[in-house]
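Trainee: I would like a close look at a single part of this model. Please walk me through it step by step.

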Amino acid sequence: TGELIDGSFPLPTLFFDQPHQLQASHSVEPRASLTIKTMISYTGRLLSLLLVPLITVAAVDRPNFKATARVKQHFHRTGELIDGEQHLLKVIVKWDAISAAEGYELCHNCNHISEETGEENGDVVDGKIYPIEVGGANMCGGQACHVMPGAPQGHNKFHLRVMKDGEWSAWSNYQNFNVQEPGNFDHEEL
């Protein structure tokens, strides 16, 4: 039971002499001995394998974005239409607030987002991303919302992502609103 050449000490190892026998030994054969250094290495590898699922589970879930839209024309505070903006509409997008949300981003007419995964595709970013704080002015009738003046007539597509614990989720599936005139709208498939 002395020190081995590599500075380690032999530990009891298990081996089979015969297929039906299990014996303990203080063998110092290189193939059968485990050094403390080797055991620590194996333990570290095992822990890293065990932690991978925890890290994956800790990621922020992709939001289940179900929105509605209210569309208005651009009016002065006096109640008159704003001259030159009759063709533009204001879209108010509303959704149920997400528990523990620290913030949102709403992407308008973004075609670079994968509907399957919520990840951004390629290097070209299209559309416009609006940062949205939680609460306050971004609440409409008890729901989280974003007011977007100057929306063009036609299809207006939105994706949402949420920040929790300082991390952004993947983008949601899109919600599309066919904005033609003032009124209330639900999602319409493209």
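Predicted model: local features only at pLDDT ≥ 70, side-chain atom pairs only at ≥ 80, totals over all residues.

**Around strand β4**

Mentor: Asp165 lies in the loop between β9 (154-164) and β10 (167-168).

Five strands form an open sheet, in the order β7-β8-β4-β3-β12, with antiparallel pairing. The edges belong to β7 (139-140) and β12 (183-186), and each has a single partner strand, so one side of each lacks a neighbour in the sheet. In general, strands of a sheet pair through backbone hydrogen bonds, either parallel or antiparallel.

Now zoom in on one pair. Strand β4 joins strand β8 (residues 143-151) in the antiparallel sense, over six bridges. Find Val91. Opposite Val91 stands Met148 in β8.

Next, follow the chain out of the strand. A loop runs between β4 (89-95) and β5 (103-108), and Ala100 sits in that loop. Check the backbone angle there. Phi of Ala100 is near 65°, a positive value, and the residue is not a glycine. Most residues other than glycine have a negative phi. Is Ala100 buried or exposed? Ala100 is exposed, because its relative accessible area is 57% and the cut-off for exposed is over 50%.

Asp165 counts as exposed, because its relative accessibility is 72%.

Terms used: Residues numbered from 1 in each chain as written. Heavy atoms only, no water. Helix = DSSP H or I, 4+ residues; strand = E, 2+ residues; numbered from the N terminus. Buried < 20%, exposed > 50% of the residue type's maximum accessible area, 1.4 Å probe, protein only. Pairing = 2+ DSSP bridges.
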